[in-house]
There are 2 protein chains.
Amino acid sequence: MTLTTPQGFRAAGVAAGLKSTGALDLALVVNDGPAHSAAGVFTRNKVKAAPVLWSQQVLTTGRLRAVVLNSGGANACTGPEGFQTAHATAEKAAEALGCAPLEVAVCSTGLIGKQLPREAVLAGVEAAAAALGDDALSALAASTAIMTTDTVAKQSAYTDVTGWSIGGTTKGAGMIAPSMATMLTVLTTDAVVDAPVLDEALRAAVRVSFDRLDVDGSMSTNDTVLVLASGASGVAVDPSAFTTALTALCRDLAQQMQADAEGVTKRITVRVTGAATEDDAVTVARTIARDSLVKTAIFGSDANWGRIAAAAGYADAAVDPDRLDIVMNGVLLCRGGVAAGGRTDADLSGKEVLVEVDLGLGAGAADILTTDLSHAYVEENSAYPS
Amino acid sequence: MTLTTPQGFRAAGVAAGLKSTGALDLALVVNDGPAHSAAGVFTRNKVKAAPVLWSQQVLTTGRLRAVVLNSGGANACTGPEGFQTAHATAEKAAEALGCAPLEVAVCSTGLIGKQLPREAVLAGVEAAAAALGDDALSALAASTAIMTTDTVAKQSAYTDVTGWSIGGTTKGAGMIAPSMATMLTVLTTDAVVDAPVLDEALRAAVRVSFDRLDVDGSMSTNDTVLVLASGASGVAVDPSAFTTALTALCRDLAQQMQADAEGVTKRITVRVTGAATEDDAVTVARTIARDSLVKTAIFGSDANWGRIAAAAGYADAAVDPDRLDIVMNGVLLCRGGVAAGGRTDADLSGKEVLVEVDLGLGAGAADILTTDLSHAYVEENSAYPS
């Protein structure tokens with residue numbers, strides 16, 4: 001049920017000494033082929049980590065043999081020295097695997113602004129290459145090695161009746177937003193898919209999964225989603241069936257990230273319907289999902305729909321205040337922009353909160369997944385090790 | 001040192017029973033002339049409270065005799081009934097003062113989505129009209145009656161050597177952002193200024209004061225800033241001198257709001273210089289000021305400049321990661337996008353934090369005032385009475 005569910009992949013996770021705790025902190029995922037098509041989606045932050053700059057170059061070839069991922073340091077804001085570290089990491093993996101450095105992507109996560117200890121990383125790559133396995137435990141070690149403030153490893157897989165499968169892992173708990181998160185995701189498949197189809201499927205899947213998760217509105221310097229296709233099943237998939245399965249898998253991973261977000265006490269889905277366009281629906285849902293007053297009210301189990309109305313009203317989208325309907329956990333609270341009663345009936349005491357906003361203007365609809373803003377979020381982020 | 005510092009103004013604050021605590025909750029400010037020019041700036045939220053809709057109509061005349069303000073209820077999302085309440089409030093004040101309803105603005109603040117008890121409001125207006133005074137105590141009562149989660153009344157005044165003065169009061173503690181805040185501000189002056197000059201001066205002052213305060217990124221349904229000019233000093237002011245003084249006064253009131261923001265433990269100034277344009281400087285400063293990870297790090301006195309770099313990088317403005325310099329409380333932490341050391345030297349343990357970001361691209365500069373994100377913010381906003 002993970003990275004190594006599809007045929008043709010091996011994985012490893014080792015402790016390279018990047019985390020002071022001695023926990024697993026370096027992962028290697030290898031595509032043994034026969035095919036090596038790949039695609040990637042990266043952060044849109046203008047401040048890009050060194051491994052992002054490296055991996056973007058690599059992905060222009062549409063081809064990947066392996067991915068090295070580390071926690072314990074983002075290798076962002078590290079200048080030429082940091083870029084050399086990312087490059088040396090790819091070279092070391094290429095040497096160990098017998099491929100070219102340009103076939104190796106690199107991903108990092110952790111504190112921004114500190115150089116990674118290069119020798120420790122390179123030794124870790126060697127150890128990981130020696131530890132590669134196609135079993136579930138090896139995959140779990142890789143998934144565990146990329147965790148930062150995550151409390152659980154996140155894995156998923158899908159096997160199609162026609163004989164191909166997809167696997168994946170992700171990490172991310174804070175700095176999660178506009179488009180993706182401080183998240184690193186690796187997806188594997190043994191379907192026969194060429195790089196252009198893979199690229200298109202990945203973009204379509206990310207758009208409605210990771211891009212619709214917004215924990216705190218912060219966009220990371222390191223966000224990366226990679227998909228590697230080995231073709232080892234020998235099954236040539238229909239692109240649309242593949243996209244559907246990949247989207248479902250990405251949604252599952254995004255939900256796992258939501259459930260494990262920093263300080264989460266409630267999982268919130270903001271569902272906007274009746275928007276003039278889908279883009280408007282996303283904008284309104286995201287604005288509500290990011291509003292600190294909405295998030296703190298839900299933390300307090302308070303059906304304070306007025307804050308939701310106010311957030312909808314300042315979203316950069318078409319909103320008619322007189323057509324606004326708001327429902328929380330099934331209870332109509334606001335109809336046509338005016339209180340509809342029911343406020344005391346809305347029970348938000350559970351862990352799941354569904355906020356439904358109907359703008360009454362058109363057919364645009366979107367869900368954004370978010371979390372509440374709790375004491376634990378403040379605690380975790382004010383105490384994150386410097 | 002307040003609303004009644006300028007000649008020609010009276011004020012009152014009474015307990016109309018809108019707050020369950022029995023505290024002062026309704027204010028009346030009257031301009032006794034001889035002139036009655038006025039200007040206003042209102043929220044850009046598409047969901048506008050009934051009193052905003054009413055007062056916007058009133059202000060098209062450029063003329064005001066009086067303002068009624070209440071706390072204990074925002075009269076937002078209250079439909080036609082709420083609008084009738086705002087209208088009836090103006091009518092009652094007009095009757096008591098012997099003027100036209102269209103010469104009376106109305107402002108409300110408090111919970112969104114609940115009808116105000118109309119009879120209590122109207123009785124409060126009558127009581128306030130009977131209590132009007134031009135003394136400091138009457139002005140303080142008015143300033144106190146508009147408080148919600150504010151912990152102190154906020155007042156300011158300026159007297160010019162040439163014989164005219166400006167006074168002002170404001171309230172606002174949460175839901176403070178993009179453009180103004182959940183803030184109600186009334187400014188008075190006895191200078192001789194006609195409505196068009198007043199309007200231009202107000203817009204110029206608001207743009208660099210209230211519009212540059214951003215506590216939590218939330219834009220309220222009720223934001224209103226009004227300025228009333230009595231002409232009672234007989235001094236015709238130079239528009240530019242008046243704008244300068246009005247701007248300084250608005251900045252003072254904005255700083256008072258920052259200092260009293262919900263859950264504040266640190267007052268943060270984000271100063272961006274070297275931007276391509278002033279708009280870019282505002283955008284980058286605002287993005288940093290709103291970033292939950294930056295705000296929680298500062299709450300924890302952690303000079304986590306990497307989060308500042310990341311926030312600058314996702315701001316919708318021209319940013320070159322290789323030209324980014326970051327200084328916190330005087331200590332250079334990042335130069336040309338790379339760690340400059342000094343992290344342990346930056347002392348953020350005090351109540352004032354200055355974040356300086358030089359983009360190295362041009363001459364655009366701007367300050368945004370904000371606060372940290374603390375346990376107290378979460379507590380106050382999850383427990384705000386429903």
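Domain bounds, as used here, come from an automatic or database domain assignment. In this predicted model, chain A is divided on that basis into domain 1, covering residues 9-259, and domain 2, covering residues 267-382. The contact between these parts draws on 14 residues from domain 1 of chain A and 15 residues from domain 2 of chain A, while the centres of the two domains, taken over C-alpha atoms, are separated by 32 Å.

The size of an interface is often given as the accessible area lost when the parts come together. For domain 1 and domain 2 of chain A, this buried area is about 1300 Å², with carbon and sulfur atoms giving 45% of it. Across this interface 2 salt bridges are found, and the count of residue pairs in polar contact is 6. On the side of domain 1 that touches domain 2 of chain A, the largest share, 3 residues, comes from helix 6 of chain A (residues 239-259). A salt bridge is also formed by the side chains of A:Arg207 and A:Glu278, with an N to O distance of 3.4 Å.

The contact between the two chains takes 51 residues from chain B and 51 residues from chain A, and together the chains bury about 4100 Å², of which 60% lies on carbon and sulfur atoms. Of the area that chain B buries against chain A, 15% is supplied by B:Lys46, B:Leu293 and B:His375, more than by any other three residues. Helix 8 (292-299), helix 9 (305-314), strand 13 (338-339) and helix 10 (375-382) of chain B each supply at least two residues of the side that touches chain A, and helix 9 of chain B gives the most, with 7 residues.

The UniProt record, in an unreviewed entry, lists A:Thr148, A:Lys171, A:Thr182, A:Glu262, A:Asn381 and A:Ser386 under "binding site". Among them, A:Asn381 lies in helix 10 of chain A (residues 375-382) and counts as buried because its relative accessibility is 1%, which falls under the 20% limit for that class. When residues up to four places away in sequence are not counted, A:Asn381 touches A:Glu262 as well as B:Leu293, B:Thr296, B:Ala297 and B:Arg307 of chain B.

Side chains of opposite charge can pair when their charged atoms come close. Over all chains, the count comes to 23 salt bridges. In one of these, A:Arg10 pairs with A:Asp32, the closest N and O atoms being 2.7 Å apart; A:Arg10 belongs to strand 1 of chain A, and A:Asp32, 22 residues apart from A:Arg10, to the loop between strand 2 and strand 3 of chain A. A:Arg10 is partly exposed, at 28% relative accessibility, and A:Asp32 is likewise partly exposed, at 37%.

In chain B, the side chains of B:Lys92 and B:Glu126 meet in a salt bridge at 3.5 Å, N to O. B:Lys92 lies in helix 2 of chain B and B:Glu126 in helix 3 of chain B, so this pair ties together parts that are 34 residues apart in sequence. With a relative accessible area of 18%, B:Lys92 is buried, whereas B:Glu126, at 43%, counts as partly exposed.

Methods:
Residues numbered from 1 in each chain as written. Chains lettered and ligands numbered in written order. Predicted model: local features only at pLDDT ≥ 70, side-chain atom pairs only at ≥ 80, totals over all residues. Heavy atoms only, no water. UniProt positions renumbered as here; feature names shortened; annotations may be inferred. Helix = DSSP H or I, 4+ residues; strand = E, 2+ residues; numbered from the N terminus. Buried < 20%, exposed > 50% of the residue type's maximum accessible area, 1.4 Å probe, protein only. Contact = heavy atoms within 4.5 Å. Buried area = accessible area lost by both parts, 1.4 Å probe. Salt bridge = Lys/Arg side-chain N within 4 Å of Asp/Glu carboxyl O. Polar contact = N/O pair within 3.5 Å; in protein donor to acceptor, adjacent residues only side chain to side chain.
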